[in-house]
Amino acid sequence: ATAATIGGIGFVLYGFGHDPTPVASPVAATADTAGPATAASQLRTDEQTVVREAALPHESTSSWLDHPYTLAVDVRVIDELGLPVRNDVPLIGSVSRITGQKGFDLIGQCAGHLMSLDVQLAFVGNGDPYLERMLTELAAMYPDKVAVTIGFNEPLSHRVEAGADVYLMPSLFEPCGLNQMYSLIYGTVPIVRAVGGLADSVIDATPEHLADGKANGFVFYDY
């Protein structure tokens with residue numbers, strides 16, 4: 001049922017169906033030997049690369065294409081967000097209502113640890129003013145690591161979701177959820193909390209799921 005739902009989303013948005021199962025098959029082969037951005041980029045099928053290119057039609061102003069595992073679309077969205085282009089760190093994206101229900105309280109609690117990691121983060125959305133302020137202050141403190149766009153911006157939302165290496169969705173509760181399924185269509189690996197529709201649609205990259213080719217993301221439980 002989940003694959004059918006994701007395929008239906010793909011048909012509505014792009015005119016074709018998509019089975020996300022192949023997304024995770026290269027993880028085991030790349031996880032031990034790759035840099036931090038490698039495994040996520042390598043999860044994408046050829047069809048997902050086409051979809052990502054469709055979401056990011058503008059030409060890149062950067063000539064940075066030397067990293068063998070990072071696609072040009074990633075560079076385009078990083079350029080647009082104003083973050084420095086780096087080929088050695090993953091871009092983590094989030095397109096969401098900025099509310100406690102969507103897990104932004106947890107992001108705030110973990111902000112110090114997140115900033116200690118060698119990653120870049122891009123947030124697009126609006127919601128609770130105090131959580132918006134938390135994100136904008138984080139971006140002001142770490143302009144090379146965090147980009148925040150407050151407000152509804154559908155084109156940018158697609159570009160961030162398509163251009164990120166990883167999609168973050170740490171919801172407190174989530175009856176269904178759509179963005180994790182959008183990310184699977186784009187080939188952007190979801191990190192989700194095991195709740196509601198997120199638990200139903202994202203299969204954790206455990207050794208067992210990697211071995212049988214079913215894994216399509218990363219799942220955590222604590223909040």
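Which side chains meet in a salt bridge at 2.9 Å, N to O? They belong to Arg 86 and Asp 88, where a salt bridge is a side-chain nitrogen of Lys or Arg within 4 Å of a carboxyl oxygen of Asp or Glu. Before going on, please keep in mind that this is a predicted model, in which local features need pLDDT of at least 70 and side-chain atom pairs count only at pLDDT 80 or more, while totals for chains, interfaces and linings use all residues. Residues are numbered from 1 along each chain as its sequence is written, and side-chain values use heavy atoms, with hydrogens and water left out.

**Salt bridges**

The structure holds four salt bridges. Three of them are listed here.

| Pair | N to O distance |
|---|---|
| Arg 86 and Asp 88 | 2.9 Å |
| Arg 86 and Asp 118 | 2.9 Å |
| Lys 102 and Glu 174 | 3.0 Å |

Side chains of opposite charge can pair when their charged atoms come close. Helices (H or I, at least four residues) and strands (E, at least two) are DSSP runs, numbered from the N terminus. Through shared partners, Arg 86, Asp 88 and Asp 118 are joined into one network.

How covered are these residues? Buried means under 20% relative accessible area, exposed over 50%, and partly exposed in between (1.4 Å probe, protein chains only). Arg 86 counts as partly exposed because its relative accessibility is 31%. Asp 88, at 35%, is partly exposed, and Asp 118 is partly exposed at 43%. Lys 102 and Glu 174, on the other hand, are both buried. Their pairing also links distant parts of the chain, 72 residues apart, with Lys 102 in the loop between S1 and helix H6 (104–109) and Glu 174 in the loop between S4 and H10.

**Nonpolar cores**

In soluble globular proteins, nonpolar side chains tend to be buried together. A nonpolar core here is a set of buried Ala, Val, Leu, Ile, Met, Phe, Trp, Tyr and Cys residues joined through side-chain atoms within 4.5 Å. The largest one has 19 residues, and those with the most contacts inside it are Val 77, Leu 81, Leu 83, Leu 91, Val 160 and Val 192. Two or more residues each come from helix H5 (72–81), strand S1 (91–95), strand S2 (120–125), helix H9 (154–163) and strand S4 (166–169). H5 gives the most, with three residues. A second, separate core has 18 residues, including Met 115, Phe 123, Leu 135 and Leu 138.

Helix H9 deserves a look of its own. Seven of its 10 residues are buried, leaving H9 mostly covered; among them are Leu 156, Arg 159 and Val 160. At the start of H9, a side-chain oxygen of Asn 153 reaches to within 3.0 Å of the backbone nitrogen of Leu 156.

**Surface and cysteines**

Leu 172, Phe 173 and Tyr 223 make a nonpolar surface patch of about 270 Å². Phe 173 lies in the loop between S4 and helix H10 (179–186). With 45% relative accessibility, Phe 173 counts as partly exposed. Patches of this kind are made of residues with over 30% relative accessible area and no salt bridge, with like charges joined within 9 Å and nonpolar side chains (Val, Leu, Ile, Met, Phe, Trp, Tyr) within 5 Å; accessible areas come from the Shrake-Rupley method with a 1.4 Å probe.

A disulfide is a pair of cysteine sulfur atoms within 2.5 Å, and by this rule the count comes to zero. Cys 110 is partly exposed at 32% relative accessible area, and Cys 176 is partly exposed at 43%.

How values were computed
A polar contact is a pair of N or O atoms within 3.5 Å; within protein, one must be able to donate a hydrogen and the other to accept it, and residues adjacent in sequence count only if both atoms are side-chain atoms.
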